[in-house]
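Dear colleague,

Please find the structure below, handed over for your use.

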Amino acid sequence: MKALFITTETNETHKPPESFASLDGNEVKHVTFSHKRTEHALTDNDLDTFVYEAAIECQPDLICYVGGCQGLRPSPEIFTRMNRYIAPTVLMVSDAAHLGSRWQSL
């Protein structure tokens with residue numbers, strides 16, 4: 001199975017992709033971004049583009065977001081789009097379940 005892991009630079013986010021990669025037959029692409037909003041951070045739209053382009057390039061069976069619920073994060077719309085057009089499964093891990101009211105409509 002091919003998986004794309006999208007993670008923030010927060011603690012412990014490296015463990016799920018490493019664990020998945022350790023299983024025979026699994027292939028992992030891992031992209032990481034900083035969730036901190038600084039003057040050098042990606043904009044919300046640039047982050048969505050970055051994540052979507054990684055998914056198009058990878059063509060995974062599974063997309064897994066592992067990261068915090070505060071700060072910069074991909075939009076719920078981009079995960080819906082990736083699920084609809086790229087990967088049959090999109091998994092939200094860690095604090096992702098608490099991404100706020102705009103995620104409740106998914």
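In helix α3 (residues 76–85), the buried residues are Pro-76, Ile-78, Phe-79 and Met-82. These residues lie on the same side of α3 because they cover an arc of only 165° around the axis, the arc being that of the directions from the helix axis to the C-beta atoms. An α-helix has 3.6 residues a turn, so residues three or four places apart point the same way. The exposed residues Glu-77, Arg-84 and Tyr-85 are carried on the face of α3 turned away from its buried side. Here, buried means under 20% relative accessible area, exposed means over 50%, and partly exposed is in between (1.4 Å probe, protein chains only).

**Source and conventions**

This is a predicted model, in which local features need pLDDT of at least 70 and side-chain atom pairs count only at pLDDT 80 or more, whereas totals for chains, interfaces and linings use all residues. Residues are numbered from 1 along each chain as its sequence is written, and side-chain values use heavy atoms, with hydrogens and water left out.

**The chain as a whole**

The protein chain contains three helices and four strands, arranged along the sequence in the pattern β-α-β-α-β-α-β. Helices (H or I, at least four residues) and strands (E, at least two) are DSSP runs, numbered from the N terminus. Of the 106 residues in the protein chain, 39% are buried. Among contacts between residues at least 6 apart in sequence, 80% join residues at least 24 apart; contact means heavy atoms within 4.5 Å.

**How α2 meets α3**

Helix α2 (residues 44–58) packs with α3 at an angle of about 15°, and their axes are 10 Å apart. Axes are lines fitted to C-alpha atoms, for helices over the stretch in contact, and angles run from 0 to 180 degrees between N-to-C directions. The two helices, α2 and α3, are therefore roughly parallel to each other. Angles under 35 degrees count as roughly parallel, over 145 as roughly antiparallel, 65 to 115 as roughly perpendicular and the rest as oblique. The crossing of α2 and α3 is right-handed; a crossing has that hand if the near helix is turned clockwise from the far one by less than a right angle, and is left-handed if anticlockwise.

On the α2 side, Asp-48, Val-51, Tyr-52 and Ala-55 meet Ile-78, Arg-81, Met-82 and Tyr-85 of α3. By class, this contact of α2 with α3 has six nonpolar, no polar and two charged residues. Ala, Val, Leu, Ile, Met, Phe, Trp, Tyr, Cys and Pro count as nonpolar, Asp, Glu, Lys and Arg as charged, and the others, Gly among them, as polar.

Asp-48, which is found in helix α2, counts as buried because its relative accessibility is 13%. Leaving aside neighbours within four places in sequence, Asp-48 is in contact with Pro-74, Ser-75 and Ile-78. Asp-48 and Arg-73 are 25 residues apart along the chain, and their C-alpha atoms are separated by 8.4 Å.

Phe-5 is found in strand β1 (residues 2–8) and counts as buried, at 3% relative accessibility. Not counting residues up to four places away in sequence, Phe-5 touches Pro-16, Pro-17, Phe-20, Val-28, Lys-29, His-30, Val-31, Cys-64 and Val-66.

Thr-32 belongs to strand β2 (residues 27–33) and counts as partly exposed, at 37% relative accessibility. Beyond neighbours within four places in sequence, Thr-32 is in contact with Thr-7, Thr-8, Glu-9 and Phe-50. From Thr-32 to Phe-5, 27 residues apart along the chain, the C-alpha separation is 8.2 Å.

**Two loop residues**

Ser-34 lies in the loop between β2 and α2 and is partly exposed, with a relative accessible area of 30%. Apart from residues up to four places away in sequence, Ser-34 touches Glu-9 and Leu-72. Ser-34 and Thr-8 are 26 residues apart in sequence, yet 5.5 Å apart in space, C-alpha to C-alpha.

Gln-59 is placed in the loop between α2 and β3 (62–67). Although Gln-59 is not a glycine, it has a positive phi of about 50°. Gln-59 is partly exposed, with a relative accessible area of 46%.

Yours sincerely
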